[in-house]
Structure formats: structure tokens, C-alpha cells
Amino acid sequence: MRLSNNFYLSEFTRSATAERLCIKNSPNNDAIKNLIELCDNVLQPVRDIIGAIRITSGFRHPDLCVALGSKKTSQHTMGMAADIQFHKNGFMNNKLLMDTIVQNCEFDQLIEEFSYSWIHVSFSCGNNRNQILKAFKEDGKTQYADITHNFKAI
């Protein structure tokens, strides 16, 4: 199923962990609508600007979230979030990806995950916070610092 010009539902539902654990990672109609909104408002516009974006994690069944160490209430379970990366000429440049989102899109949360290993982005139709966070480990636990007012795009 095509979600936008360049994004397909299969990109958002594939998961080796779900396959291994026999978790059916299929979104309901509401989650599909939210994925379309995420694509239309963030992912497709950014792709049109910088090029192909890799979805590393999209929709997640609540059981898959738990298996991955996340919460059942994650925006991923509602189709509102994706973890993404940008590669060009063999190099990953997630700073450019994040900057492009900040400069061109409305979003709910944008999280720079562990020194730009990937970017988490969410979109909540009509209820976006435009919040920018930085994920880091402290005492073995993931912590988040709000960098909304200190973030500098190139």
C-alpha cells in the first residue's frame, strides 16, 4: 500500500524482531491514517528536499514496543512516529536530516538519538509541540534532554 509518492506501508511495518517473536505487526485503519499524515507532512516533504530517507522503525504493535524496550503507549503504536536515517554517497548524515525537518516541517517530537545514530520524528495532526529532544544514556537508562530552545540548524 502506497502512503505517499515515495513511501509504502511495508517500510513502516517490517521488523525482524516481530518476525522472530511471531508478533503480527499490522496497523489498524486509524494508525494507517496517522502514517499517511506523517508521510504527507514530514517525511515526503523532507525526501523531496534531500533525497531518500530510510525508515528503520515505523509502526509497532504494542507487544513489539515492549520487546524492543519501549512503552506500549509509544507514538509508534498509533502510527504517529518513525525512526529514520539519511545516507548519501555512502555516508550517514542525520544532522542534515534533522536540520531539514526543523527548517521545513511542523512536527510533534524530533529526537536526536545517541549522537545522531538515528532520528525519531512524530507528527500529531493538529496537536504538534515542535519539541526537540536529545537521547542519551545515564546509569544504563535512556534519558531525554529538551533542547528545543538551544537547537541550532545549519
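The legends below describe close-up views of a predicted model.

Residues are numbered from 1 along each chain as its sequence is written, and side-chain values use heavy atoms, with hydrogens and water left out. Because the model is predicted, local features need pLDDT of at least 70 and side-chain atom pairs count only at pLDDT 80 or more, whereas totals for chains, interfaces and linings use all residues.

**View 1. The largest pocket and its lining.** The largest pocket has a volume of about 710 Å³ and is lined by 20 residues, among which Arg60, Gly69, Ser70, Lys71 and Tyr144 lie nearest its centre. Strand 5 (109–113), strand 6 (118–122), strand 7 (131–138) and strand 8 (141–146) are the elements that give two or more residues to this lining, and strand 5 gives the most, with 3 residues. By class, the lining has 6 nonpolar, 9 polar and 5 charged residues. A pocket is an open set of points on a 1 Å grid over the protein atoms alone, where a 1.4 Å probe fits, with protein on both sides within 12 Å along at least five of seven lines, and lining residues have an atom within 4 Å of a point. Grid points are joined across faces, edges and corners, and the volume is the space filled by probe spheres set on the points. Helices (H or I, at least four residues) and strands (E, at least two) are DSSP runs, numbered from the N terminus. Ala, Val, Leu, Ile, Met, Phe, Trp, Tyr, Cys and Pro count as nonpolar, Asp, Glu, Lys and Arg as charged, and the others, Gly among them, as polar.

**View 2. The largest nonpolar core and helix 5.** This core (buried Ala, Val, Leu, Ile, Met, Phe, Trp, Tyr and Cys residues joined through side-chain atoms within 4.5 Å) has 31 residues, and Phe12, Leu43, Ile84, Leu97, Ile101 and Val121 have the most contacts inside it. Two or more residues come from each of helix 1 (9–13), helix 3 (29–50), strand 2 (81–85), helix 5 (94–104) and strand 6, with helix 3 giving the most, 9 residues. In helix 5 the buried residues (under 20% relative accessible area, with exposed over 50% and partly exposed in between, for a 1.4 Å probe and protein chains only) are Asn94, Leu97, Met98, Asp99, Thr100 and Ile101. These buried residues pack against helix 3, strand 2, strand 4 (91–92), strand 5, strand 6 and strand 7. Leaving aside neighbours within four places in sequence, Leu97 is in contact (heavy atoms within 4.5 Å) with Val46, Ile50, Ile53, Ile84, Gln85, Phe86 and Ile119.

**View 3. Phe114 and Trp118.** Phe114, found in the loop between strand 5 and strand 6, has a positive phi of about 50° although it is not a glycine. Phe114 and Trp118 form a tilted aromatic pair, 5.7 Å centre to centre and with 55° between the planes. Rings of Phe, Tyr and Trp (its six-membered ring) pair if their centres lie within 6.5 Å, and planes under 30 degrees apart count as stacked, over 60 as edge-to-face and the rest as tilted. Phe114 is partly exposed, with a relative accessible area of 23%, and Trp118 is partly exposed at 26%.

**View 4. Ser124 in its loop.** Ser124 lies in the loop between strand 6 and strand 7 and counts as buried at 10% relative accessibility. Not counting residues up to four places away in sequence, Ser124 touches Met80 and Asp108.
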